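Subject: Structure for you to look at

Hello,

Here is the structure I promised. Please open it, then read the notes below.

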Amino acid sequence: MERRKTLAELVTRIAHHINIPFTVGGGISSVEDVSVLLNAGADKVSVNSAAFRRPELLNELSLEFGSQCIVLAIDTKFEDGDWYVYLNGGRVKTEAKTADWAKEAVDRGAGEILLTSMNNDGTKQGFALDITGKLAQELPVPVIASGGAGTMQHFADVFEVAQADAALAASIFHYKEMEIQELKKYLYQRNLSIRF
Amino acid sequence: MKTVIIKYNAGNIRSVLFALERQNVEGVVTDDPAEIRAADKVIFPGVGEASTAMRYLREKGLDKVIKNLEQPTLGICLGMQLMCKHSEENNTDCLGIFDLNVRKFTSPVENLLKIPQIGWNNITGLHSKIFEHVPQNAYMYFVHSYYAELGPETTAIANYVINYSAALQKNNFYAAQFHPEKSAEHGEKLIESFLNL
């Protein structure tokens, strides 16, 4: 309860300061959790393990708030010939195949998929183009690719080859290994639509 | 100057309040007809469903209040759609300020068009005072499944497989399908121009 209040206060401070949409995630498991965060000023929330353990959560959230503000995060790992869903920040393996879970989640009301490949995350060797491409091309909702960005070419690949709708990177931006403006210029020159 | 945000059962009011605060303007959120009529500027925001929202507005008598406003009034997203004549969303008769129909996006090929449109899209053909400091092709942030068709009152066009009204104006009534309160510096310029009308 205290943790939820602290997060809501942080969300309000952020909403005051920035003039673009933002998504809040982490430990969300109920309609009440989401209501608090959206009222605090968040535009979207992302859910992960709680939605997998109780998929009805996605139906409840999309009915109450609209699917446009419900992002489903999936941590996935390739092993034994397929991509599987992992929970609790990648610590708990499940028997569910990522493509199956993503499809079910969209049917239940997830409005966007944030897909993190554990095989690629932290490697700086590029995004997981195969599973990202499969979801981006088969699902009627935007897919955000995450994990593996190391070069500007990697971003071009995930948009052009995998047809991802968006790409996420954290450390290379935080540690200034890549400037966001430079990346945008590069992608613009590759004829991708970019907002500067 | 008094800026009022119409309170009704539709979301995103908080974001509009914050956007006003960033311009050092304090917005008043109210559903009181007298207070709305007395304001210098009125903002009619909205994220939600058309028939539920219209029913609420009628119950509160706000439909007539809004239609008869004479000060600059800005509808945002669902607010803009409700200012049109009719919405396909649950076959809803709306306020009729703009003589336009609101239709649902349909994908010509399965999965080609992701619905709702969520994200940044550029706007062209800008011609309204609220776009005075917004460049052609500026990116704005959209979240919607329904769109207003083009018409003589269209003041900005966006394309999502088809061209539709990204903004409208008729006399003192202004409207934007995108969210200026979430559209970075160009959205801020729009809000600033509106407040300076």
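Helices (H or I, at least four residues) and strands (E, at least two) are DSSP runs, numbered from the N terminus. This is a predicted model: local features need pLDDT of at least 70, side-chain atom pairs count only at pLDDT 80 or more, and totals for chains, interfaces and linings use all residues. Residues are numbered from 1 along each chain as its sequence is written, and chains are lettered from A and ligands numbered from 1 in the order in which they are written.

A:Asp80 sits in the loop between strand S3 (70-79) and strand S4 (82-87) of chain A. Its phi is near 50°, positive in a residue other than glycine. Most residues other than glycine have a negative phi, and most peptide bonds are trans. Is A:Asp80 buried or exposed? A residue is buried if 20 or more other C-beta atoms lie within 10 Å of its own, exposed if 12 or fewer, and partly exposed in between; C-beta atoms are placed from the backbone. A:Asp80 has 5 such atoms, so it is exposed.

B:Asn90 also has phi near 50°. B:Asn90 lies in the loop between strand S5 (86-87) and strand S6 (92-93) of chain B. It is exposed, with 10 other C-beta atoms within 10 Å.

A cis bond

B:Ile115 and B:Pro116 are joined by a cis peptide bond, with omega about 5°. B:Pro116 is in the loop between strand S7 (101-104) and S8 of chain B.

The core

The largest nonpolar core has 116 residues. Such a core is a set of buried Ala, Val, Leu, Ile, Met, Phe, Trp, Tyr and Cys residues joined through C-beta atoms within 7 Å. A:Val45, A:Leu72, A:Ile113, A:Ala167 and B:Met83 touch the most other members. Helix H1 (residues 13-22) of chain B gives the most to this core: six residues.

Chain against chain

How many residues of chain A are in contact with chain B? There are 15, and they meet 18 residues of chain B. Contact means C-beta atoms, placed from the backbone, within 7 Å. The chain A side divides into six nonpolar, six polar and three charged residues. Here Ala, Val, Leu, Ile, Met, Phe, Trp, Tyr, Cys and Pro count as nonpolar, Asp, Glu, Lys and Arg as charged, and the others, Gly among them, as polar.

Chain A overall

Chain A has nine helices and eight strands. Of its 196 residues, 41% count as buried.

Best wishes

Technical notes
Contact = placed C-beta atoms within 7 Å.
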